[in-house]
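Here is a short briefing on one protein structure. Keep the sequence and the 3D view open as you read.

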Amino acid sequence: MNRRSNLIRAVAVGAALLALASGAGSATASDAPHHGREAAALTGTAKLDRPPGDDATITVDARLDAADRDDPGAAHGTVKISHYMERPEFGGTAEARVDCLLTGGKVATVSAVVTKADGGLKGAIGKRLGLTVHDRGRQDRFGYSWAMVGIPNDLPDDMPKCVSAAPFDKTKPGSGDLRVRPMK
């Protein structure tokens with residue numbers, strides 16, 4: 001009788017867990033901005049709010065799959081930077097491969113290793129850079145790991161994953177939107 005009671009209890013617990021998992025899955029799937037296969041994301045494009053003659057645009061497509069929710073270093077995607085200035089004369093673009101994504105509420109930090117660059121950003125190839133975004137809707141806040149060194153070229157070669165500066169800068173209103181999908 002004891003063995004049968006344990007079996008009945010185990011089946012009941014299993015059925016309850018299955019029902020709970022099914023309900024949680026359908027709640028996530030019905031949430032419009034969320035995709036069932038992603039645990040978190042940082043996506044979008046925006047220009048930084050800079051004076052005339054300083055044009056900086058960031059595009060991010062960083063995602064963490066639901067299966068990797070406990071491993072932010074399994075994030076994937078790309079970061080693209082375009083930065084041109086008249087004074088001092090500077091210009092270049094870079095593309096980087098995402099290697100970490102952490103989110104909390106409407107804030108995300110992503111890191112990526114530069115794989116392609118031109119112009120004034122050529123020296124960043126192989127460097128890891130970090131970005132932090134505070135998704136505030138119309139005008140997001142933005143931070144970056146090279147804030148204290150000048151440009152990504154000057155970042156240390158041993159920069160850790162998911163390290164960046166607080167979101168101290170602002171995006172230009174109406175120039176795009178960076179969206180944080182927090183970890184659930």
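The torsion about the S-S bond of Cys-100 and Cys-162 is about -110°, so this disulfide is left-handed. A disulfide here is a pair of cysteine sulfur atoms within 2.5 Å. The pair links distant parts of the chain, with Cys-100 in strand β4 and Cys-162 in the loop between β7 (141-144) and β8 (169-170), 62 residues apart.

This is a predicted model, where local features need pLDDT of at least 70, side-chain atom pairs count only at pLDDT 80 or more, and totals for chains, interfaces and linings use all residues. Residues are numbered from 1 along each chain as its sequence is written, and side-chain values use heavy atoms, with hydrogens and water left out.

**The disulfide**

- A disulfide is a covalent bond between the sulfur atoms of two cysteines.
- How many disulfides does a search of the whole structure find? The search finds one.
- The sulfur atoms of Cys-100 and Cys-162 are 2.2 Å apart.
- Cys-100 counts as buried because its relative accessibility is 5%. Buried means under 20% relative accessible area, exposed means over 50%, and partly exposed is in between (1.4 Å probe, protein chains only).
- Cys-162 is buried too, with a relative accessible area of 13%.
- Phi of Cys-162 is near 55°, a positive value in a residue other than glycine.

**Strands and turns**

- Helices (H or I, at least four residues) and strands (E, at least two) are DSSP runs, numbered from the N terminus.
- β4 and β5 pair in the antiparallel sense over 10 bridges. Two strands pair if DSSP finds at least two bridges between them.
- β4 and β5 form a hairpin, with two residues between them. Gly-105 sits in the turn and has a positive phi of about 60°.
- On to the next pairing: seven bridges join β5 to strand β6 (residues 128-134), and these two run antiparallel.
- Val-113 has Arg-128 in β6 as its bridge partner.
- Why is β5 described as largely enclosed by the rest of the structure? Eight of its 11 residues are buried.
- In a regular strand the side chains alternate between the two faces of the sheet.
- A cis peptide bond joins Arg-87 and Pro-88, with omega about -10°. Pro-88 lies in the loop between β3 (76-85) and β4.

**Asp-99**

- Asp-99 is found in strand β4 (residues 90-104).
- Is Asp-99 buried or exposed? Asp-99 counts as buried, at 5% relative accessibility.
- The Asp-99 side chain makes a polar contact with the side chain of Ser-111, at 2.6 Å. A polar contact is a pair of N or O atoms within 3.5 Å; within protein, one must be able to donate a hydrogen and the other to accept it, and residues adjacent in sequence count only if both atoms are side-chain atoms.
- The side chain of Asp-99 also makes a polar contact with the side chain of Arg-128, at 2.7 Å.
- Beyond four places in sequence, Asp-99 is in contact (heavy atoms within 4.5 Å) with residues including Pro-72, Gly-73 and Lys-161.

- Ile-58 is found in strand β2 (residues 54-65).
- Ile-58 counts as buried because its relative accessibility is 3%.
- Ile-58 and Gly-44 are 14 residues apart in sequence and 8.2 Å apart in space, C-alpha to C-alpha.
- Beyond four places in sequence, the contacts of Ile-58 include Leu-131, Phe-142 and Leu-178.
- Phe-142 counts as buried, at 0% relative accessibility.
- Tyr-144 is buried, with a relative accessible area of 10%.
- Rings of Phe, Tyr and Trp (its six-membered ring) pair if their centres lie within 6.5 Å; planes under 30 degrees apart count as stacked, over 60 as edge-to-face and the rest as tilted.
- By this rule the count is three aromatic pairs. Phe-142 and Tyr-144 form a tilted aromatic pair, 5.9 Å centre to centre with 40° between the planes.
- Phe-142, Tyr-144, Trp-146 and Phe-168 form one aromatic cluster.

**Confidence**

- The mean pLDDT of the protein chain is 83, and 80% of its residues reach 70 or more. pLDDT is the predictor's confidence in each residue, from 0 to 100.
- Among the elements, strand β5 (residues 107-117) has the highest mean pLDDT (98) and helix α1 (residues 2-30) the lowest (34).
- Over residues 1-35, pLDDT stays under 50.
- Where pLDDT is low, the predicted coordinates should not be read in detail.
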